[in-house]
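Welcome! Take a moment to look over the sequence and the 3D structure, and then we will walk through them together.

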Amino acid sequence: MANRDKADVLQGTLDLMILQTLSTMGPLHGYAVAERLEQVSNGALQLNMGTLYPGLLRLEQRGSIRAQWNRTENNRRARYYSITPAGRRRLDAEKAEWLRMASIMSALLFEGGQ
Amino acid sequence: MNPRLREYWGRFLATFKRRSADRDEELRFHLEMAEQAAVRRGAPAREARLRAGGLSQASDALDDQRMIGWLRDFLRDTRHSVRLLARSPVFAAAAVFSLALGIGANTAIFSVVNAVLLRPLAYKDSDRLVTILHRSNFPVAPANYLDWRTHSHSFERMGAAEWWQPNLVGMDPPEHLFGLHLTESLLPLLGVDPLIGRWFLPGEDQAGSEREVVLSYGLWQRRFHGDRGIFGSPLTLDGESYTIVGVMPPEFKFAPFWDTRAELWAPLAFGERVHDRAANSLRVFARLAPGVSVTQARAEIAAITARLDQQYPGTNREVTVTPLKEKVVGNVELPLLVLMAAVGLVLLIACANVAHMLLARAANRHKEMALRTALGAGRARVVRQFLAESLFLGGTGCVAGFLLALWGTRALIALSPADLPRLDTVRIDLRVVLFTVGITVLTGLACGLAPALQISASNLAGALKEGERGSSERLGRNRIRSVLVASEFALAMMLLIGAVLMIRSFGALQSIDPGFDPRNVLSMIVSVASTQEAEPARREIFYRQVIDRIRTLPGVRAASGINHLPLDGDLWVIPFTIEGRPKPLPGALPNAVYRIAMPGYFEAMRLPLLRGRGIQPSDDMRAPGVVVINERAARRYWPGENPIGKRIAFGPNWFTIVGIVKDSKEGDWAGDIASAVYLAALQNRSFLGEQKFPESSYITLVVRTAGDPAAMAAAVQNAVRSFDRNLPISDVVTMDQVIATKNAQPRFEMLVLGIFAAIALLLAAVGIFGIMSYSVSRRTHEIGIRLSLGADRGSVLRMVVSQGMSLALGGSIAGLAGSLALSHVMQGLLYGVRAFDPLTFAAVTAALCLVALLSSGIPAMRATRIDPTTALRAE
């Protein structure tokens, strides 16, 4: 069940990562999102389809992103995701929350002992 | 919308939709891209695929996010069940029909129980309201009420109501109205505001300023067509001018018991009666003060009345504080709960029936289930599949049952006695719907659980090996079914016994002798208040002449009049003193039902005169006062003496006993006979209007007809109106109708219980027929062997029938035990028959055994016709 645990931990941050990616890169298809995340993390984040697509669907169901079929540069049909205004608001809120938590945690873990 | 809610709603909707091909295309596109990227990097495509994960795994994960998992499984199981059920429509129809009957009957009865017993009364915080009466039923004198009100601290407010039946004249047609006089504190006490206008102001209940009136919504609509301009306009009641000051909302009813027909309310002024401790005419209502319990209020009232009783001996005994709701519904609580229990039993029987039908089917599906388990379906999954089937049956039964209940509730209302309190509030509300859904789910689980658990518990691997059918029935499964059928019989037995007891009790009620002859008697109340006949000088002449004129009508055998009709009219119990005996305390005076009769009353009612003479036309104001008493009064107050010639006094007036009549039913139909006295109407000052109190400005005419009394109603009313068109006539009834009304509640209980018992018997018969047919069909092979080995057909018949009979007998014994256990509850509903009635018990047992014999006889006959050679070849 180690996979499951990882997925649970990931879920909150995965949403944030996807939203941030779509926010900076504009509309992307699923594979491009995975590729981008792998790049940015220098290969540390390798999302398989079973994690990525349910995550995208969940964001879609919550109204944070929307999906549309479109053509790639090679004229291949692909499903493109883009962030919605509601998703942008959520991203801003969660980014702020993340910063707040991170500063609390770093204060606790690294500055308290000095 | 909240994002999480939105997500869940989307998943919910998606559960009912097929997955679109787009999703798979998206995943395939991902894989393709991953492979191309790997190839570009020079890595093998296999590695890319590994990193992206399996297609089917991703697809499953996507589905889990897309839909609600358990709901999807449930829908899948239900679809499967529907397909299976569609293949055996007879079974499905029988099961749905049984459940619809059970659920529908339960919903209908519950909607009545809900309205009558469960819903609070339509007053503010009605559970804080109490009523204070003598012996929980009898009215109270003004001075006592005023003392309780002054001395008690347990109540936030206390108020009183008094009977008032004014005549509305000056409007066409004149009408005799039912109303109440209320103290000014009563509406604030109930917490209901008028719809329009206002209630009485403080001080309006002072004598002399009580001329204001508040109308019910119904009366306002009926007589004034909802005209808002009537406020402040005068209304002539009993010849006095009143001002209309308010209208109550449509749902407002007061009083909730006793005078439930009241349609208008006026202030109650005691005037000189503030010191009256003898004339008991008030019903007292109170609201408990915050934090005070009924027990505390009772203790305080007990202390106050004990003190008052010392001060004024005999005036304050047995004063009771009763929660208002208990007072309103107390009489019907037991019958309704018994009906609720009975209808619950019907549903249990229906459940047992469906459960054992499902069990029989489950046996046939043993192999299918074994296969599923072998292919990896967990035990829980198999159980769920069964439950889906029974819940689907239950759900369908619920919908059908609900439609049945809509009709059934109307039928129940039509059947039920008119005086069942709060009947007009019966409706299907949220609580009824929740109840129905609740029992449906329970029913579904109850029906499905037995087969599901049994199937999943049995050795399924064995079933696969064993082949299509075991050589003989597996014992355990049969035992469960046998227990189910026996229980059906036990439950049906209990219902039947209850129903037969009710029928016998009703028969006993019907054969009660009322003392007089109730056939062909027509009665009506003619009110003279505020008409030209109200004048004392004219009233006596009018009463005599109207009766004489009715006597001349063709088809009339006899006619007379009385103050109040037996069994239907008001019942005044008045104390009297007996000449030459020491005077007892005021509370311990002899008393009797007080009737004021016109000459010829006993003849018209055919109430036999036992000794002496009746009331004659010559018993008028010029003659000495006379009284006729009933047997009960003679035996009670003059035991071993001849009462004729003795004298009794009501107040200051003395009367000589001139005759004794047979006892008659005056108040309760089934209750004890009370002492009664009949005074001569032509000697009675209040009856003739010469004396204001007690108020008596009406006469109840009794007419004995040759044929159907109802057919004479119009002719008699015309005869009355020929004297004065403005005379209000009310309460036109035949004596048979009066008695039917008195017995309406037991009749209702008998009918409903009878219907339930019939349904129960039918279901139980179907049950035993089903299990025996099934058993015979499963044992065809075995019976074939028996027959080929030389068993004669008679023994096969006996074998099958005895198997069915043993089930019925076992069930009957359990049912008898159950009925005995419940007999003390039933006793409260019965008249003239004991709840443990050996005759009833024996008859019902015999009837059930006969049903069992018939319903196992048909399959048994089929068993004897089995051809041994075909039966053996069939294997």
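In what order do the 3 strands of the open sheet in chain A lie?

## The sheet in chain A

The order is β1-β3-β2, with antiparallel pairing. Helices (DSSP runs of H or I, at least four residues) and strands (runs of E, at least two) are numbered from the N terminus, and two strands pair if DSSP finds at least two bridges between them. Strands of a sheet pair through backbone hydrogen bonds, either parallel or antiparallel.

At the edges of this sheet are β1 (28-29) and β2 (65-71) of chain A, each pairing on one side only. Between β1(A) and β3 (residues 77-83) of chain A there are 2 bridges, and A:L28 sits opposite A:Y81 in β3(A).

## Where the chains meet

Chain A brings 15 residues to the contact and chain B brings 20 residues; residues are in contact if their C-beta atoms, placed from the backbone, lie within 7 Å. On the chain A side, α2 (30-40), α3 (49-61) and β3 each supply at least two residues. The largest share, 7 residues, comes from α3(A).

Residues are numbered from 1 along each chain as its sequence is written, while chains are lettered from A and ligands numbered from 1 in the order in which they are written.

The model scores ipTM 0.87 and pTM 0.75. For chain B, the mean pLDDT (the predictor's confidence in each residue, from 0 to 100) is 86, and 95% of its residues reach 70 or more. Over residues 466-476 of chain B, however, the pLDDT is below 50. Where pLDDT is low, the predicted coordinates should not be read in detail.

Definitions and conventions:
Predicted model: local features only at pLDDT ≥ 70, side-chain atom pairs only at ≥ 80, totals over all residues. Contact = placed C-beta atoms within 7 Å.
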